Amino acid sequence: MQTKIKTIGIITSGGDAPGMNACIRAITRSAIHNNINTLGFKRGYNGLIENDFIELNSKDVSNIIQRGGTILKTARSEQFKTKEGREKAFHNLQKNNVDALIAIGGDGTFTGASIFIKEFNIPIIGIPGTIDNDLYGTDYTIGYDTALNTVVQAVDKLRDTASSHGRLFVVEVMGKDAGFIALRSGIATGAEAILIPETTTYINHLLQKLSQDKSKKKPSSIILVAEGDDFGGAYKVAEAVKESHPEYDIRVTVLGHIQRGGSPSASDRVLASQLGAGAVEFLLRGEEDVMIGIINKDLVLTPFNQAIKHNQKINTNLLELADILSI
Ligand code: F6P
């Protein structure tokens, strides 16, 4: 394979996601397979600006496939949003003979990458790494499956105590712009209601449903709320329910950052390995300014501007399914 690329830089940027380490491992080892060096820059774009990096060889990435978080650390770089910051970053890449970059992250990461390519003409491929699953151009993002399983385990536990006490739990999960975690975990846990940012929340519908549930003497209820839901989050929902249904004994649980940690699931490890190796292959074939993803089992490339701007469509049929199944 003919290529001018001798050294690839890697960053993890934005919110961390389980499977990022598996991806760093895959990139490093695929690069070695192609006689290419890899430098891992620390704390996302900040590492490029501060020239803070480590050389990655095979041993540096051993025993990390199963670890959550990211060995390269991560950040949302404010400095990289400035021209001056990006100039410093480019200067450091040149100084270290870095020919191309692989950026693992989400929306913000790819927005920065796209601007950087246009200004300095450096090849970059993005890998979707976010628990939110909100990127167009891939069926799943790295970290989503693990986060989903974390939520399911937590909600199953809440269901145990909810049934014992005959309580209603309002559970808030992550997703400031997207309801993928809430929707799928809601189906998987048999939630009585699921509230997501992609659809308008009509609180009266929910209150009516709770009245029906009460008359059916349901032993417990779980309402799953994505943090970005337009009604304003779990506490607001709990208040509204309490006001109209004082008979319900209500508790609120905000799962928070527990959803971002933990050992990646088998699916996330495999996805991260395929995307990491694929990104190296595509860089060597001259691709850039794209995010790599997997759709229907195939590796696909999506231009950054589409991955960021197009909405990953949520399957609202699942909301209906949740309604039908939670009678
Ligand atoms: O990783 C994405 C995400 O989990 C969002 O769902 C959430 O709103 C956000 O990150 C919170 O991240 P942080 O606390 O790091 O700002």
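**Helix geometry and packing in a predicted model**

Helix H9 (residues 266-284) has 19 residues, which at 1.5 Å a residue should span 27 Å, and the 28 Å between its end C-alpha atoms agrees with this; the expected span is 1.5 Å times one less than the number of residues. Helices here are DSSP runs of H or I with at least four residues, numbered from the N terminus. The model is predicted, so that local features need pLDDT of at least 70 and side-chain atom pairs count only at pLDDT 80 or more, while totals for chains, interfaces and linings use all residues. Residues are numbered from 1 along each chain as its sequence is written, and side-chain values use heavy atoms, with hydrogens and water left out.

**Helix H9**

- An α-helix has 3.6 residues a turn, so residues three or four places apart point the same way.
- After H9 comes Gly 286, which has a positive phi near 95°.

**H5 against H6**

- Helix H5 (residues 144-165) packs on helix H6 (residues 180-189) at an angle of about 45°, and their axes are 9 Å apart; axes are lines fitted to C-alpha atoms over the stretch in contact, with angles from 0 to 180 degrees between N-to-C directions.
- H5 and H6 are therefore oblique to each other, given that angles under 35 degrees count as roughly parallel, over 145 as roughly antiparallel, 65 to 115 as roughly perpendicular and the rest as oblique.
- In contact (heavy atoms within 4.5 Å), the residues of H5 include Tyr 144, Leu 148, Val 152 and Arg 159, and those of H6 include Phe 180, Arg 184 and Thr 189.

**H7 against H8**

- The axes of helix H7 (residues 203-215) and helix H8 (residues 234-244) come within 11 Å and cross at roughly 50°, which makes H7 oblique to H8.
- Ile 203, Leu 206, Leu 207 and Leu 210 of H7 make the contact with Val 237, Ala 240, Val 241 and Ser 244 of H8.

**Gln 312**

- Gln 312 sits in the loop between helix H10 (304-309) and helix H11 (317-325), and at 18% relative accessibility Gln 312 counts as buried.
- Beyond its neighbours within four places in sequence, Gln 312 is in contact with residues including Asn 133, Tyr 136, Asp 139 and Phe 180.

Key:
Helix = DSSP H or I, 4+ residues; strand = E, 2+ residues; numbered from the N terminus. Buried < 20%, exposed > 50% of the residue type's maximum accessible area, 1.4 Å probe, protein only.
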